[in-house]
Amino acid sequence: MNFYKELELILEAKSPHVKIELFGTFYNVYKSGQVDFEKEYKTKNFDQPSYVHLCKIVPPQDVPRRSNLTTKDGQINLLHAIAHIEYSAIDLALDGAYRFTGLPKQYYDDWIEVADDEIRHFLSLEKLLNELGAKYGDVEVHNALFEASQKTQTLLERMAVVPRYLEANGLDATPMILTKLQKLPKNEMIEKIIRTLHVILDEEIDHVKKGDVWFNYACAENGVSNELYFEIINKYYPQGFLRPKNLNITARKEAGFSCKELNTMAKGNVC
Ligand SMILES: [Fe+2]
Ligand SMILES: [Fe+2]
């Protein structure tokens, strides 16, 4: 089995279940050491996300809100929004492994492992959606994560933006959703959502940490300071950090952010 060619097929798979099945086969062969890295491979630029035939794509502000979480519709919207992030994250992890060729083997091990985590996250949310009588594709989605991957075509920028900005934003956002859910009257579905989000939050720390390792690697390879991080984020997200008042300091520190970085993000002394 060839590494880049197979990842390309998995990335291009049009349905979650085909993608996940192809990945399962690939991952078993990969772990057994039977995958060959092609010496030269011309990677494709994707002009559409893989879910384009499954989900209706709308601008981020038009994605249905998750306002009332005691209702079935509110729960479906919430679960769908997070399932979509996880589904997009499968492709982001795979694309990170696919696009940047000729790196140390550990780099590929790391992002293939992340893709495997994202698949589990997606499946656990999809299961809850199904329990509510819904499925992935039922609610409009935005393609901001796909666009972020399209825009970042160097390892340095990709690691700064995808794990160290987007996935790190999740570390701040998930505890806020959990707090909201914990305040609601107890019910079985709410409890299941809370348990699932706890697992995801816990595992996402490691994804950001892997991003930190490879971001620093890319900085060293390019002979630049890791302070370039803020310049890159400012270039793509001039609005800055989404929740400067609610940074998850503990999780972010565990994931490799320095106090200096956290204080800059928060525009104050938080660490
Ligand atoms: Fe995830
Ligand atoms: Fe992740």
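Modeller: Let us begin with metal sites, where a donor is an N, O or S atom within 2.8 Å of the metal. Water is not among the atoms, so a site may look incomplete. Please keep in mind that this is a predicted model.

Colleague: Are Glu-118 and Glu-204 buried or exposed?

Modeller: The cut-off for a buried residue is under 20% relative accessible area. Glu-118, at 1% relative accessibility, is therefore buried, and Glu-204 is buried with a relative accessible area of 10%.

Colleague: Which residues coordinate the iron ion (ligand 1)?

Modeller: Its donors are Glu-86 (OE), Glu-118 (OE), His-121 (ND1) and Glu-204 (OE), at 1.9 to 2.3 Å. Their spacing along the chain is E-x31-E-x2-H-x82-E. Here too distant parts are linked, with Glu-86 in helix α3 (residues 72-99) and Glu-118 in helix α4, 32 residues apart. Glu-86 is buried, its relative accessible area being 4%. Glu-118 bridges the iron ion (ligand 1) and the iron ion (ligand 2), which lie 3.6 Å apart.

Colleague: Let us turn to charged side chains. How many salt bridges are found in the whole structure?

Modeller: The general idea is that side chains of opposite charge can pair when their charged atoms come close. A search of the whole structure finds 21 salt bridges. One of them joins Lys-127 and Glu-131, at 3.6 Å from N to O.

Colleague: How are Lys-127 and Glu-131 placed in helix α4?

Modeller: An α-helix has 3.6 residues a turn, so residues three or four places apart point the same way. Lys-127 and Glu-131 are four residues apart in helix α4, and therefore separated by about one helical turn. Lys-127 is exposed at 53% relative accessibility, whereas Glu-131 is partly exposed at 38%.

Colleague: Which parts of the chain does the pair of Glu-157 and Lys-235 link?

Modeller: In this salt bridge the closest N and O atoms are 2.7 Å apart. The pair links distant parts of the chain, Glu-157 in helix α6 and Lys-235 in helix α8 (residues 228-236), 78 residues apart. Glu-157 is buried, with a relative accessible area of 14%, while Lys-235 is exposed at 53%.

Colleague: What is the nearest side chain of opposite charge to Glu-6, which is buried yet has no salt bridge?

Modeller: That side chain is Lys-5, 8.4 Å away, whereas a salt bridge requires a nitrogen within 4 Å of a carboxyl oxygen. Glu-6 lies in helix α1 (residues 3-12). Setting aside residues up to four places away in sequence, Glu-6 touches Met-1, Leu-22 and Phe-26. Helix α1 is mostly covered, with seven of its ten residues buried. What covers these buried residues includes α2 (16-31), α3 and α4.

Colleague: Finally, how many aromatic pairs are there?

Modeller: A pair of aromatic rings is described by the distance of the centres and the angle of the planes. The count here comes to 27 aromatic pairs. In one case, the rings of Tyr-41 and Tyr-98 have centres 6.2 Å apart and planes at 70°, so the pair is edge-to-face. Tyr-41 lies in the loop between α2 and α3 and Tyr-98 in helix α3, so the pair ties together parts 57 residues apart in sequence. Tyr-41 is partly exposed at 22% relative accessibility, whereas Tyr-98 is buried at 0%.

Conventions
Residues are numbered from 1 along each chain as its sequence is written. Chains are lettered from A and ligands numbered from 1 in the order in which they are written. This is a predicted model: local features need pLDDT of at least 70, side-chain atom pairs count only at pLDDT 80 or more; totals for chains, interfaces and linings use all residues. Side-chain values use heavy atoms; hydrogens and water are left out. Buried means under 20% relative accessible area, exposed over 50%, partly exposed in between (1.4 Å probe, protein chains only). Helices (H or I, at least four residues) and strands (E, at least two) are DSSP runs, numbered from the N terminus. Lys and Arg count as positive and Asp and Glu as negative; His and the chain ends are not counted. Contact means heavy atoms within 4.5 Å. Donors are N, O and S atoms within 2.8 Å of the metal (3.2 Å for Na, K and Ca); water is not among the atoms, so sites may look incomplete. Rings of Phe, Tyr and Trp (its six-membered ring) pair if their centres lie within 6.5 Å; planes under 30 degrees apart count as stacked, over 60 as edge-to-face and the rest as tilted.
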